[in-house]
Amino acid sequence: MSFADTLTSLESCVRQRPQLKRFQSLLTPLSGHDLESLAAEAVVVTRRNFGRTMHLFAPLYLSNECINNCAYCGFSRDNPILRTTLTVPQVVKEAQYLVSQGFRDILLVAGEHPRFVSEGYLEECIAALRDFVPRISIEVGPMETDDYRPLVQAGCEGLIVYQETYDQEAYHEYHTAGPKKDFHWRLACPERGYAAGFRRIGIGALIGLAPWKEEVLRLAAHLDYLQRSCWKARFTISLPRLRPAAGAFHPRYTMSDAEFVQALCAFRVCFPQVGIVLSTRESPGLRDALFPLCITSISAGSHTEPGGYTGVGASDVHLTVRGRRVELDTPASVEAHLTPATGQFNISDERSPREIANYLRGIDLEPVWKDWESSILSPEPVAST
Amino acid sequence: MRDALAASGTEIVTVALRRADLSGKKDPYADILDFIDPSRYLILPNTSGAVTAEEAVRLARLAVSSGLPKWVKLEIHPDPVYLMPDPIETLKAAEILAKEGFVVLPYINADPVLAKRLQDVGTAAVMPLGSPIGSNQGIATRRQIEIIIDQATVPVIVDAGLGRPSHAAEALEMGADAVLVNTAIAIAGDPSAVAGAFRLAVEAGRIAFESGGIPEVSNTASASSPLTGFLFEGKS
């Protein structure tokens, strides 16, 4: 049975899986007292499974070119934003900067565009980074298993693909153009990635596109399904709450801070071994409060525009209209040398990686920068000693 | 961590190679080995993260070439939810590494036949699990571990699931040669105090085992004055 089938019979699926039943029960409105007990349980479960540690990673945006139209995303093809795609040497420069900041885990992010983010490009980027970045993962448009394989072989350990919304009707309303329109192609993507050999798979739902309770229950069911069907992969989940982006999208549904904490803690206690990721979209105050509760992996000091860390690529920004590059008119073209490409969304926690690491140590959590050895996936044999 | 190590009285500390820098560049952001004094403790590299024999062998070899001892705690657990060790890949890797002269300590499910097969290929010990890693459930596999100890020609180290000092005492009372403990100490409110408690528990369990004098648990009462003693009265 595929997960698409599970989605259509979600209620009976939930009834037959004890941890999903509990998860569902934890989504009902909780009194302050009950939320406090849930949080206390989450703390215990997190420490038991992850120790006193927090993993750090950084996103590296390769390109903001995109052929999709997603109503909520700043990179949507019809948004008249400044665009660029970094060259491989520019990607290396950005990664070197991130490594100098401490990061040993880099997430390569790109919009979906076959002309700009074309065949072989990701593989080249990964190959160029693997000797100095222990862990590399990708968050790009879904691919076929056979197209993922060379990326894994090049040294890519993780695949991040969020379904955005598991509400099929809503999905079609928000995704109006491009290959992303296909709900099921995206839904089966984690399994294609697993078949290609990815070790770590991140799934998630964008909060704001559909009512949150239904959304997170479907995400939990997806996680439960994937843990059984892709039994050797480690999973992470994330609940990015939508923030303002180009295109002035206003989320249709909201999730309060209390509801956000409740849902994250529910994931923690029902899925004790799953990594929970929190990005810099959330405010410093809320992040600080969540770190000790249930979060196990965070980004810090992030930029969501290509070249955002070092300024590379700024001389090449342009507009893209109907898939074609359009140079900026003067005098903008002169200014363009100083203009970075536009970011995907605004970040809220702007503290540097060092500040975050110091904060973590202050609350007795050890920042973990390196938690993967790239030679594990290396096809090269090591001679016996 | 340093204080907890000292308080525990441990002789061996295992470190996940994926957390360490194996390039020889002394990466300050992967400095976990700097916290362990190699003159006080034997550093036992472990292969956590590997899911096949080939990957584990590669990691073990890299560890040696980066200057770590030629010892390896073989950990191959592909399933990230229960972290159950893969017996097939573990046996394969153990055979290769033992032939290469590694001191191999394999983490295994409490399977007596697997334990014997590993001893046959030359492992230096076997490390059956008490219960899933980090679960603090204690020795849920007690009956199987009793068989492993009974048949063993190498040290038996109970690894995983020991959540309390009393669990460690139980393992040593049963005749296990050592225990491996992390979570119970690492997440304790006062890790050094709990590490000290584990040290005492291990000592207590060992003394009890060596004394040989602890009777088996029985479901029936056993009168301290024998019921059939009258038969022998006046005969001695």
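Modeller: Start with the lining of the largest cavity: 6 nonpolar, 2 polar and 3 charged residues. Ala, Val, Leu, Ile, Met, Phe, Trp, Tyr, Cys and Pro count as nonpolar, Asp, Glu, Lys and Arg as charged, the others, Gly among them, as polar. This is a predicted model: local features need pLDDT of at least 70, side-chain atom pairs pLDDT 80 or more, while totals for chains, interfaces and linings use all residues. Residues are numbered from 1 along each chain as written, chains are lettered from A and ligands numbered from 1 in written order, and side-chain values use heavy atoms, without hydrogens and water.

Biologist: How is empty space found?

Modeller: A probe the size of a water molecule is rolled over the atoms. A cavity is a set of points on a 1 Å grid over the protein atoms alone where a 1.4 Å probe fits but cannot get out; lining residues have an atom within 4 Å of a point. Here there are 2 cavities of 30 Å³ or more.

Biologist: Which residues line the second largest cavity?

Modeller: A:Arg130, A:Gln153, A:Gly155, A:Ser374, A:Leu377 and A:Ser378. Its volume is about 40 Å³.

Biologist: How many salt bridges join chain A and chain B?

Modeller: A salt bridge puts a side-chain nitrogen of Lys or Arg within 4 Å of a carboxyl oxygen of Asp or Glu. The count between chain A and chain B is 4. One of them pairs A:Arg199 with B:Glu55, closest N and O atoms 2.3 Å apart.

Note on methods: On a 1 Å grid over the protein atoms alone, a cavity is a set of points where a 1.4 Å probe fits but cannot get out, and a pocket is an open set with protein on both sides within 12 Å along at least five of seven lines; lining residues have an atom within 4 Å of a point. Grid points are joined across faces, edges and corners, and a volume is the space filled by probe spheres set on the points.
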